Amino acid sequence: MTARHPLPAWIDIGVIPIANVLLALVVAGLIVLAVGINPFEAVSIMLYGALGYPEAIGYTLYYATNFIFTGLAVAVAFHAGLFNIGGEGQAYIGGLGVALVILALDQFLPAPILIPLGILGAAAFGAAWALVPGYLQAYRGSHIVITTIMFNFIAAALMVYLTVNVLIAPNTMSPETRAFAATSHLPLIHDMLGAVGIPMGRSPLNLSIVIGLLCCIGIWIFLWHTRWGFALRAMGQNANAAIYAGIPAKQMILLAMSLSGALAGMMAINELMGVQHRLIINFTAGYGFTGIAVALMGRSHPFGVALASLLFGLLQQGGAELAFEFPTITREMVVVIQGLVILFSGALAYMTRPWFEALFALLQRSGWIQAAEKA
Amino acid sequence: MGDFVTDIVPILAATLRVATPLILCAMGGLFSERAGIFDIGLEGKMLAGAFAAASVAAFTGSAWLGLGAAIVVALALALLHGFACITYRGNQIVSGVAINILVSGLTIVFGMAWFKRGGQTPSLEAGARFMPIEFLGAAAMRDVPFIGPVYADLIGGHNLLVYIALLVVPLAHWVLTATRFGLRLRAVGEMPLAVDTAGISVYWLRYRAVLICGLLTGIAGAYLSIAQNAAFSRDMSAGQGFIALAAMIFGKWRPWPAFGACLMFGFIDATAIRLQGVRLGDFGEVPVQAIQVLPYLLTVILLAGFMGRAVAPKAGGVAYVKEH
């Protein structure tokens, strides 16, 4: 085996991740081609569908909001060395928190009190649902990946049961709760901007995106500028060293998982308090799993997560337009792209490195890149 | 006796039919994980196999070609998993997630493109499926009390793949415990360095383990779409790959106990359908969801160490680097 060539940081954190995503997109393009559609035409339709007119931009950002929450959730757990596959279930249970708070209180409380309580409900329920696997990992030694997978299924069954048998609105057949009172609705962005005289197309984009971006900043500060954030990352880097340094590993697992679950749970505010205004079955629609792709692509950095969320929001909205345009292609093409991104940016993340090492060494030898730039 | 024959035999026969894909996947997962490669992609490989089997059987009208296609596709995905986890030392969980998500999308994208039925494949004729095998003299035997129905409907009356699944269990036990390959495979999952030192290729052993897993999950997929059902429908594996994973853990990564767990989960599923709407004394109606989550719940409880210890192979999840 050849010795490893050191690569400068800009290649390691800039070029290689982008190359991996491009590789995923190229393979996706080949699949689109196999279905009989010109991939370049598909890209232009997707881009127009996602960014071409004001309403589309609103939809893209609305989808991106979901991914910010679920992507951050996976990212925070990654930093602690934990793989939380349970985002889907935690978001679903977060929706239960939202529904219980609002159904109980929306007749009594004004919006400025009700909305924060609803958000709190989402975060608390999501955190609680993640805390159980966290506890079992920390104190009983069960594998967090397996437990969070199992908890996704348990959450789905529980939510179907509760929605169909307990929380269902009286005298209806469809499995959903009664509509939330208007005091619980998160303000829509186009209404807010319209109020100050900036026109914007109608879309479900609501205040959640601001909350999501604040979470990104909050998590960034927490991870890199607080003592606990340091302890959490230390544990993720080397658990033994962290324990030796006096970091309480078990508590850090609980902290990481409850933060992760709270973030995943908050996805429910975008869907339920922002758009649906009631609890419905399957509102999570796989966004929890998309969070894994988002976190991997964003390299678990809050800023990267925000960018990756934007790309996945674009794919989600553009993919819907693409499916509308071509009857032979379905929205599931977006799921394929997610899978490919997880594959190339995650599982095969080390595959392209030797290629760049060879290329870099070649460029250095031929004098294209000065030796001084060597990291 | 009348009760036994009319009530229990159909439930047990249904148990066996439901448990078949679980058994195949659990045995596949067991080979992979005993060699140190975690595989949460059982679900995806099975789903891909189901789609390939139904598509090829629909095009060619041959159940055998369908089975072959299922195996080839599942092997290819297993190879991809191996490529990512063994050769490129990628994260095994991430690779499994990628395969699951990729397949859930691809089967629908190609299903729509090829058949234009909302992700469904065309219904298959009897000749393009594995049909139940009528045992010799089963029709004549059926009237014999007790023995008749048991012979005709419980022991007999299943399709070929059910019997293959039942054969795989003793075979897996034998391979793992009584062959040189099995010993090395278990060793590579516990301490690959020792295997490497003995001059045996860790990579090649692990590749063979994931390929066995691919083979078995492919058969499981074919069972879903061209034996148990007569077509592929979107997401038809419906979490069974994860129940199989749970069964494998429940059986503590050993073939016979895992087989028992598959039968138990199959039995739970077979009774869930019958218990729907049944009132249990003062408790009222048993929610069907409560029965459906039992496999997951039991696995969580087991993993938490409340029912004995389930310890995974020691080197599981860790890529082997040869230079050390």
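Predicted model: local features only at pLDDT ≥ 70, side-chain atom pairs only at ≥ 80, totals over all residues.
Residues are numbered from 1 along each chain as its sequence is written, chains are lettered from A and ligands numbered from 1 in the order in which they are written, and side-chain values use heavy atoms, with hydrogens and water left out.

Let's start with confidence. The predictor gives the complex an ipTM of 0.90 and a pTM of 0.91. Chain B has an average pLDDT of 89, and 94% of its residues score at least 70 (pLDDT is the predictor's confidence in each residue, from 0 to 100).

Now to where the chains meet. Counting contact as heavy atoms within 4.5 Å, chain B puts in 44 residues and chain A 42 residues. Together the two chains bury about 3,700 Å², with 82% of that on carbon and sulfur atoms; buried area here is the accessible area (1.4 Å probe) that two parts lose on being put together, summed over both. On the chain B side, Y88(B), I101(B) and V109(B) lose the most area to chain A, together 15% of what that side buries.

E332(A) pairs with R234(B) in a salt bridge, their closest N and O atoms 2.5 Å apart.

Look next at which elements of chain B touch chain A. Those giving two or more residues are α3 (63–87), α4 (92–115), α11 (240–250) and α14 (294–303) of chain B, helices being DSSP runs (H or I, at least four residues) numbered from the N terminus. The largest share, 15 residues, comes from α4(B).

S300(A) isn't a glycine, yet its phi is positive, near 60 degrees. You'll find S300(A) in the loop between α12 (287–297) and α13 (302–325) of chain A. Its relative accessibility is 11%, so S300(A) counts as buried (under 20% relative accessible area, with exposed over 50% and partly exposed in between; 1.4 Å probe, protein chains only). In chain B, A238(B) also has a positive phi, about 45 degrees, without being a glycine. A238(B) sits in the loop between α10 (202–228) and α11 of chain B, and with a relative accessible area of 59% A238(B) is exposed.

Terms used:
Salt bridge = Lys/Arg side-chain N within 4 Å of Asp/Glu carboxyl O.
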